[in-house]
Amino acid sequence: MEALRALAPQGRLHLSVYERGRIVLVPVEKIVYLRAELKYVTVRTAEREYLVEESLSHLEQEFGRRFVRIHRNCLVARAYVEGFERQAQDDTGEAHSGWVVRLAGVADKLPVSRRQQHIVKEFGRG
């Protein structure tokens, strides 16, 4: 591991995704968000989704400067945050008075948990 750190002291620049008998390198700078689902993490770029078998908490530790946690199961790339908006209902039509994050390059609007709503103000400052 130390040998790898010596080669790339800034950390990984790609996530390795095993897909159909090959390994695809996904540049970290192109990742819009990371969302935990069961034992996998969905890696979303503007083009498509990938699945990796890494824990969200490990990815947050490694790439914490680049991503911000908006929910217990989701990290979004700071560079892709376009803004936030109030949402009156969730995807199922249930009443919901919270924030969602708008992201550049994807139509997805991801919910911000109550616990993480302080980030809305932090982005507003700057």
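## A pocket to start with

The second largest pocket has a volume of about 160 Å³. Here a pocket is an open set of points on a 1 Å grid over the protein atoms alone, where a 1.4 Å probe fits and protein lies on both sides within 12 Å along at least five of seven lines. Grid points are joined across faces, edges and corners, and the volume is the space filled by probe spheres set on the points. Rolling a probe the size of a water molecule over the atoms shows where empty space is left.

Which residues line the second largest pocket? They are Ser16, Val17, Tyr18, Glu19, Tyr40, Leu51, Val52, Glu53 and Glu54, where a lining residue has an atom within 4 Å of a point. Strand E1 (14–19) and strand E5 (49–52) are the elements that give two or more residues to this lining, and E1 has the largest share, with four residues. By type, the lining divides into five nonpolar, one polar and three charged residues. In this count Ala, Val, Leu, Ile, Met, Phe, Trp, Tyr, Cys and Pro are nonpolar, Asp, Glu, Lys and Arg are charged, and the others, Gly among them, are polar.

## What kind of model this is

This is a predicted model, in which local features need pLDDT of at least 70 and side-chain atom pairs count only at pLDDT 80 or more, while totals for chains, interfaces and linings use all residues. Residues are numbered from 1 along each chain as its sequence is written, and side-chain values use heavy atoms, with hydrogens and water left out.

## The chain as a whole

The protein chain has three helices and ten strands. Follow the sequence and you get the pattern α-β-β-β-β-β-α-β-β-β-β-β-α. Helices (H or I, at least four residues) and strands (E, at least two) are DSSP runs, numbered from the N terminus.

How much of the chain is buried? Of its 126 residues, 37% count as buried. Buried means under 20% relative accessible area, exposed means over 50%, and partly exposed is in between (1.4 Å probe, protein chains only).

## Salt bridges

Side chains of opposite charge can pair when their charged atoms come close. The structure holds nine salt bridges, each a side-chain nitrogen of Lys or Arg within 4 Å of a carboxyl oxygen of Asp or Glu. Glu54 counts as buried at 19% relative accessibility, whereas Arg12 counts as partly exposed at 30%.

Another salt bridge joins the side chains of Glu60 and Arg69 (2.7 Å, N to O). Salt bridges that share partners also join Arg12, Glu54 and Glu62 into one network. Back at the Glu60 pair, Glu60 is partly exposed, with a relative accessible area of 28%, and Arg69 counts as buried at 17%. Arg35 and Glu37 meet in a salt bridge too (3.4 Å, N to O).

## Buried spots

Val68 lies in strand E6 (residues 67–71) and, at 6% relative accessibility, counts as buried. Val68 and Ile119 are 51 residues apart in sequence, yet their C-alpha atoms are 8.3 Å apart in space.

Thr45 sits in strand E4 (residues 40–45). Is Thr45 buried or exposed? Thr45 has 3% relative accessibility, so it counts as buried.

## Out on the surface

Tyr18, in strand E1, is exposed, with a relative accessible area of 63%. Together with Ile23 and Leu25, Tyr18 forms a nonpolar patch on the surface with about 380 Å² of accessible area. Such a patch joins nonpolar side chains (Val, Leu, Ile, Met, Phe, Trp, Tyr) within 5 Å, using residues with over 30% relative accessible area and no salt bridge. The areas come from the Shrake-Rupley method with a 1.4 Å probe.

Most residues other than glycine have a negative phi. Arg20, in the loop between E1 and strand E2 (22–27), has a positive phi near 50 degrees and counts as exposed at 75% relative accessibility. Leu38 has a positive phi of about 55 degrees, and its place is in the loop between strand E3 (31–37) and E4.

How values were computed:
Patches are made of residues with over 30% relative accessible area and no salt bridge: like charges are joined within 9 Å, nonpolar side chains (Val, Leu, Ile, Met, Phe, Trp, Tyr) within 5 Å.
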